[in-house]
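Work through the exercises below with the structure open. Each task is followed by a solution in steps.

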Amino acid sequence: LTSKRYPKLKRGPFATLTDADVSSLERLVSGRVITDKSDLDGYNTDWLRTVRGASTIVLRPKTTEEVSAIVSYCHDRGLAVVPQGGNTGLVAGSVPVFDEVIISTQLMNNIISLDEVSGTLVCQAGCVLAALDDHVAQRGLTMPLDLGAKGSCHIGGNLATNAGGVRLLRHGSLHGSVLGLEAVLPSGEVLDCMSTLRKDNTGYDLKQLLIGAEGTLGIITKASILCPQRPNVVSVALLGCANFQGVLDIFRETKTKLGEILSAFEFMDTASMEMIGENLRLINPISASPFYVLIETGGSNKEHDEEKLSALLEGLMEKGKAMDGTLATDTTKIQAIWGLRERMAEGLLHDGYCYKYDVSLPLPSFYQLVEDMRERVEGSAKRVVGYGHIGDGNLHLNVTSSEYSQHTMDLIEPFIYDWVANYKGSISAEHGLGFKKRDFIYHSKSPSAVALMKQIKNLIDPKGIMNPYKLLPSK
Ligand code: FAD
Ligand code: S2G
Ligand code: ZN
């Protein structure tokens, strides 16, 4: 069965849901099954509203046992499933491609424990990131990641996509912050890798396989996360600078002068700032500049931190590295500045169709890609913007047009992936491969690596029912 949407893609050899299946599944999660067409739409459509699946059922389990029962049933029937958290993923990994059964973690949102001394949080996979951060903040702790989707994304989805975000510079990757997890494997059996130990070198570290597997190896049902101390003094500076070299110079200077209190370093180009002003009416608090840098510090001593930050800013101004700038220490102004950066994705949606790229590149060539792309799509796109996590070498390049255009897409792909591969970058720095980018995996991974990934997938999911058509290449 191919569908008109993906003429070249054949539906896998999976069973088709019958009425008998619906009643059996209904018995497993009674009252928490969605089959009404109008309610299904949101679950079938991705956040970017660029892909739509054709699932006829959403299951909303509350416990690991219920997830295990559902998956065992689907496994025995040969029904394909797609795990879904907050559905904020950006590579079409969280929605069905055909009629896969959607298993949502929406109702798995219990916080199980928080050890205030070690900072270890244990919670179910369906907890929303912002809710967890509020919870741990009351005990002087912070979640080790922060991203624009925090109000909707689930911690299980964050683990599944190994989400990066704006604080990776400070807290490192989730591979280092996750102490343990529990998951339901494609057979329905429960894999218990739960632990609250910081150190445990006993055998293969299996949880790392599931972190970043995008739901293709199992459904994460619980996690144990190390939450760092929450800084009690936060400042944010927004600076304007003349060129991209200036952004890199400021980055070097910032690392030298701020050291351990640096908690975020983001950049935006002038096109992104214009877009956010036009589409969301957000105000740029400093004079228009070719580039903008957002610097955040998080520390414990107000005088000490402010002295370091003002010395940095004065130095940058004196050397002409920064043309203009503002420093925020109160929450409202800090949030207004962060809003400019964190609402980029939302702003871009107002342009129409968004061709979204999330790449890792060596810093010296980093912005060249945006300039080359601008030249290439000149006249065939509405806008080309570049922003992202400089501290991680992670560029977010977005092209927009009022509606989807195959001509524009053909100008962009595979050009952008070849360009990135040429600089030995990554074609997906933090969002994952999902459905949209899986066939470009060889631009960033060797054939031997992909071959082993396929063997691991076949070992753990021999029937291929767990989030098919995702992450691994179609051929
Ligand atoms: P979903 O979107 O529901 O699913 C994502 C993937 O994980 C899918 O493949 C799905 O099958 C799988 N999955 C979900 N839950 C589970 C589970 N319990 N077990 C196994 N697999 C599961 N990402 C970044 O890395 N950095 C950013 O800065 C960033 N900023 C963003 C800003 C905005 C405004 C938006 C909309 C997204 C942003 N993202 C960012 C994308 C980010 O990857 C997702 O927002 C998030 O990590 C996915 O969580 P989710 O709960 O929404 O998962
Ligand atoms: C970000 C997500 C949004 C985008 O804002 O850091 O990871 O547009 C991105 O890519
Ligand atoms: Zn990002």
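This is a predicted model: local features need pLDDT of at least 70, side-chain atom pairs count only at pLDDT 80 or more; totals for chains, interfaces and linings use all residues.

**Exercise 1. Overall fold**

Solution. 
- Step 1. The secondary structure amounts to 17 helices and 18 strands.
- Step 2. Along the principal axes, the C-alpha atoms fill a box of roughly 75 × 55 × 45 Å.

**Exercise 2. Surface and charge**

Task: Find what percentage of the residues is buried, and how far apart the centres of the positive and negative side chains lie.

Solution. 
- Step 1. Of the 475 residues in the protein chain, 55% are buried.
- Step 2. The accessible surface is about 20100 Å², and carbon and sulfur atoms account for 53% of that surface.
- Step 3. There are 48 positive and 55 negative side chains, and the centres of these two sets are 4 Å apart.

**Exercise 3. Two ring pairs that share tyrosine 367**

Task: Classify the pairing of tyrosine 367 with phenylalanine 244 and with phenylalanine 267, then say which parts of the chain each pair connects.

Solution. 
- Step 1. A pair of aromatic rings is described by the distance of the centres and the angle of the planes. Planes under 30 degrees apart count as stacked, and over 60 as edge-to-face.
- Step 2. The structure holds 17 aromatic pairs. In one of them, phenylalanine 244 and tyrosine 367 are 5.6 Å apart centre to centre with 20° between the planes, which is stacked.
- Step 3. Phenylalanine 244 belongs to helix 9 (residues 244-258), whereas tyrosine 367 sits in the loop between strand 16 (353-360) and helix 14 (368-377); the two residues are 123 residues apart.
- Step 4. For phenylalanine 267 and tyrosine 367, the centres are 6.1 Å apart and the planes at 85°, so this pair is edge-to-face.
- Step 5. Phenylalanine 267 lies in strand 13 (residues 262-269) and tyrosine 367 in the loop between strand 16 and helix 14, so the pair ties together parts 100 residues apart in sequence.

**Exercise 4. Burial of the rings**

Task: Are phenylalanine 267 and tyrosine 367 buried or exposed, and which residues form the aromatic cluster?

Solution. 
- Step 1. Buried means under 20% relative accessible area.
- Step 2. Phenylalanine 267, at 0% relative accessibility, therefore counts as buried.
- Step 3. Tyrosine 367 has a relative accessible area of 5% and is buried. Phenylalanine 244 is buried too.
- Step 4. One aromatic cluster is formed by Phe244, Phe267, Phe291, Phe366 and Tyr367.

Methods: Residues are numbered from 1 along each chain as its sequence is written. Chains are lettered from A and ligands numbered from 1 in the order in which they are written. Side-chain values use heavy atoms; hydrogens and water are left out. Helices (H or I, at least four residues) and strands (E, at least two) are DSSP runs, numbered from the N terminus. Buried means under 20% relative accessible area, exposed over 50%, partly exposed in between (1.4 Å probe, protein chains only). Accessible areas come from the Shrake-Rupley method with a 1.4 Å probe; for residues, only the protein chains shown count as cover. Lys and Arg count as positive and Asp and Glu as negative; His and the chain ends are not counted. The place of a charge is taken as NZ of Lys, CZ of Arg, CG of Asp or CD of Glu. Rings of Phe, Tyr and Trp (its six-membered ring) pair if their centres lie within 6.5 Å; planes under 30 degrees apart count as stacked, over 60 as edge-to-face and the rest as tilted.
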